[in-house]
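Have the model open while you read.

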Amino acid sequence: MDFFNNCQIAWLAIANSNNLVSLLQYPFMQRAIAEALLMGILGGMLGSFVTLRQLSFFSHAVGHAALVGVALGVLLQVNPTWMLLPFTLIFGVIVLYFIDKTDLGSDSVLSIVLSGALAIGLILTSLIKGYRGNLMAVLFGDILALDATDLILTLLVLVGGCIFLLSTLQQQILLTLNPDVAQVQGIPVQLYRYAFVVLLSLAVAVAIKAVGVLLVNAFLVIPASTAKLMSHHFSRFLVTSVIVGSISSITGIIVSGLFNLASGPSIVLVQFLLFLIVVIWFKLTLKAA
């Protein structure tokens with residue numbers, strides 16, 4: 001009986017692998033893998049700064065408030081992607097401005113603005129009549145439905161992010177670790193903060209269509225958190241985060257293709273499992289030491 005079951009499992013694996021090879025011949029699967037690689041690099045790079053600067057709730061708020069942009073796009077019969085980009089950008093800058101100009105804590109401001117934006121988004125969603133396929137796709141993500149325009153937008157955000165962060169890496173590290181010292185040394189802290197928020201908001205916007213509003217924050221936070229456990233040196237941490245983000249994204253797409261699962265949740269699930277493996281590994285290593 002065990003032999004029979006093992007044969008069934010082996011045959012299923014072979015059949016699935018053949019299906020994957022066939023899938024890889026289709027342009028939509030090739031675009032999905034390319035997007036997963038680009039987003040893995042982008043998410044790992046930005047996630048490193050997001051986790052250290054404690055901006056995970058900020059990206060969470062921007063991602064969920066994007067529901068307003070999606071609903072507006074559907075209502076106005078405009079491609080939701082073109083509504084997401086300006087909306088998330090404006091929303092991110094306004095939220096940071098509110099945080100700077102009020103005496104409330106950042107978590108309070110984010111909670112208030114997020115609640116208000118979600119309320120507006122839900123009201124706008126209730127006004128949508130008929131087919132809501134575009135709305136559902138953005139809410140839950142579908143990396144297999146991406147087109148060449150989405151790839152180009154992700155590539156542009158990635159290139160812009162690399163140029164900005166890598167050309168000012170030393171200043172960014174100092175700003176991340178000690179903003180007061182960065183201010184004393186003449187680094188334009190406010191300019192860099194707003195520039196990073198613009199970059200983060202754009203990254204959230206391009207990632208939403210692939211992994212969905214509900215999971216976009218995990219895409220930024222989990223790979224960086226995993227890398228943080230593996231390295232305490234900033235440069236190695238940054239590189240490790242990019243590697244973890246890229247490998248987990250591509251693995252998630254392969255798992256999605258093999259077992260016919262939703263792409264966004266598959267990517268985040270792989271990232272989550274990898275995080276658990278690293279946590280358990282380090283716990284066992286510390287106990288053995």
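1. Keep in mind that this is a predicted model. A pocket here is an open set of grid points with protein on both sides within 12 Å along at least five of seven lines, whereas a cavity is a set where a 1.4 Å probe fits but cannot get out.

2. Start with the largest pocket, at about 350 Å³. It has 16 lining residues, and Arg53, Gln54, Leu55, Leu96 and Arg193 are the closest to its centre. Elements giving two or more residues to this lining are α3 (56-75), α4 (80-101), α5 (106-126), α8 (169-177) and α10 (189-211). By class, that lining comes out as ten nonpolar, three polar and three charged residues.

3. The second largest pocket has a volume of about 190 Å³. Of its 14 lining residues, Leu144, Ser256, Gly257, Asn260 and Leu261 lie nearest the centre. Two or more residues each come from α2 (27-52), α12 (234-259) and α13 (263-288), with α12 giving the largest share, three residues. Seven of the lining residues are nonpolar, six polar and one charged.

4. On to the cavities: there are two of 30 Å³ or more. The largest holds about 50 Å³, and Met39, Leu42, Gly43, Ala203, Val204, Ala207, Phe219 and Leu220 line it. That makeup is seven nonpolar, one polar and no charged.

5. What lines the second largest cavity? Look for Glu35, Thr81, Asp150, Leu153, Thr154, Ala205 and Val206. The largest share, three residues, is from α7. By class, this lining has three nonpolar, two polar and two charged residues.

How values were computed
Residues numbered from 1 in each chain as written. Predicted model: local features only at pLDDT ≥ 70, side-chain atom pairs only at ≥ 80, totals over all residues. Heavy atoms only, no water. 1 Å grid on protein atoms, 1.4 Å probe; cavity = no way out; pocket = protein on both sides within 12 Å on 5 of 7 lines; lining within 4 Å. Points joined across faces, edges and corners; volume = space filled by probe spheres on them. Helix = DSSP H or I, 4+ residues; strand = E, 2+ residues; numbered from the N terminus. Nonpolar A, V, L, I, M, F, W, Y, C, P; charged D, E, K, R; others polar.
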